[in-house]
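Dear colleague,

Please find below the structure that I am handing over to you.

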Amino acid sequence: NAIGMSLYQEGKTAFTKKAYGEATEKLNKALTYEIKNKELYYLLATSYNNLKKYDEAIQCFDKALVID
């Protein structure tokens, strides 16, 4: 899905700029377009961790672990 991949790329860009709030917003939107991969969940989890949202971070790390 082109929209989902675009949101995923925007989330990655925000993450590299340390704009973690924006990264979580874009990456969560990408999930609604069925864009699910380990890197997305890793970036999302790390962003949540940097925002001190530890419960959300743990949930995302757990989801990353079950993706083949």
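I begin with Thr46, which counts as buried because its relative accessibility is 14%, and the cut-off for buried is under 20%. Please bear in mind throughout that this is a predicted model. Thr46 belongs to helix α3. Its side chain reaches the backbone oxygen of Tyr42, at a distance of 2.9 Å. When residues up to four places away in sequence are not counted, Thr46 touches Phe15 and Phe61.

Two aromatic pairs are present in the structure. One of them is formed by Phe15 and Tyr20, whose rings are arranged edge-to-face. A pair of aromatic rings is described by the distance of the centres and the angle of the planes. For Phe15 and Tyr20, the centres are 5.6 Å apart and the planes make an angle of 70 degrees. Are these two residues, Phe15 and Tyr20, buried or exposed? Phe15 has a relative accessibility of 18% and therefore counts as buried. Tyr20, at 16% relative accessibility, counts as buried as well.

Tyr20 also takes part in the packing of two helices, being one of the residues of α2 that meet α3. Helix α2 covers residues 20-32, and helix α3 covers residues 38-50. Two packed helices are described by the angle between their axes and the distance between the axes. Here the angle is about 145 degrees, and the axes lie 9 Å apart. The crossing of α2 and α3 is left-handed.

Which residues of α2 and α3 meet one another? On the α2 side they are Tyr20, Ala23, Thr24, Leu27, Asn28, Ala30 and Leu31. Their counterparts in α3 are Leu40, Tyr41, Leu43, Leu44, Ser47, Tyr48 and Asn50. By type, the residues of this contact comprise 10 nonpolar and four polar, with no charged residue.

Within helix α2, Thr24 deserves a separate note. Thr24 is buried, because its relative accessible area is 9% and the limit for buried is under 20%. With its neighbours within four places in sequence left aside, Thr24 is in contact with Leu44, Ser47, Tyr48 and Leu51. Thr24 and Leu40 are 16 residues apart along the chain, and their C-alpha atoms are separated by 9.9 Å.

With kind regards

Definitions and conventions. Residues are numbered from 1 along each chain as its sequence is written. This is a predicted model: local features need pLDDT of at least 70, side-chain atom pairs count only at pLDDT 80 or more; totals for chains, interfaces and linings use all residues. Side-chain values use heavy atoms; hydrogens and water are left out. Axes are lines fitted to C-alpha atoms, for helices over the stretch in contact, and angles run from 0 to 180 degrees between N-to-C directions. Helices (H or I, at least four residues) and strands (E, at least two) are DSSP runs, numbered from the N terminus. A crossing is left-handed if the near helix is turned anticlockwise from the far one by less than a right angle, and right-handed if clockwise. Contact means heavy atoms within 4.5 Å. Ala, Val, Leu, Ile, Met, Phe, Trp, Tyr, Cys and Pro count as nonpolar, Asp, Glu, Lys and Arg as charged, and the others, Gly among them, as polar. Rings of Phe, Tyr and Trp (its six-membered ring) pair if their centres lie within 6.5 Å; planes under 30 degrees apart count as stacked, over 60 as edge-to-face and the rest as tilted. Buried means under 20% relative accessible area, exposed over 50%, partly exposed in between (1.4 Å probe, protein chains only). A polar contact is a pair of N or O atoms within 3.5 Å; within protein, one must be able to donate a hydrogen and the other to accept it, and residues adjacent in sequence count only if both atoms are side-chain atoms.
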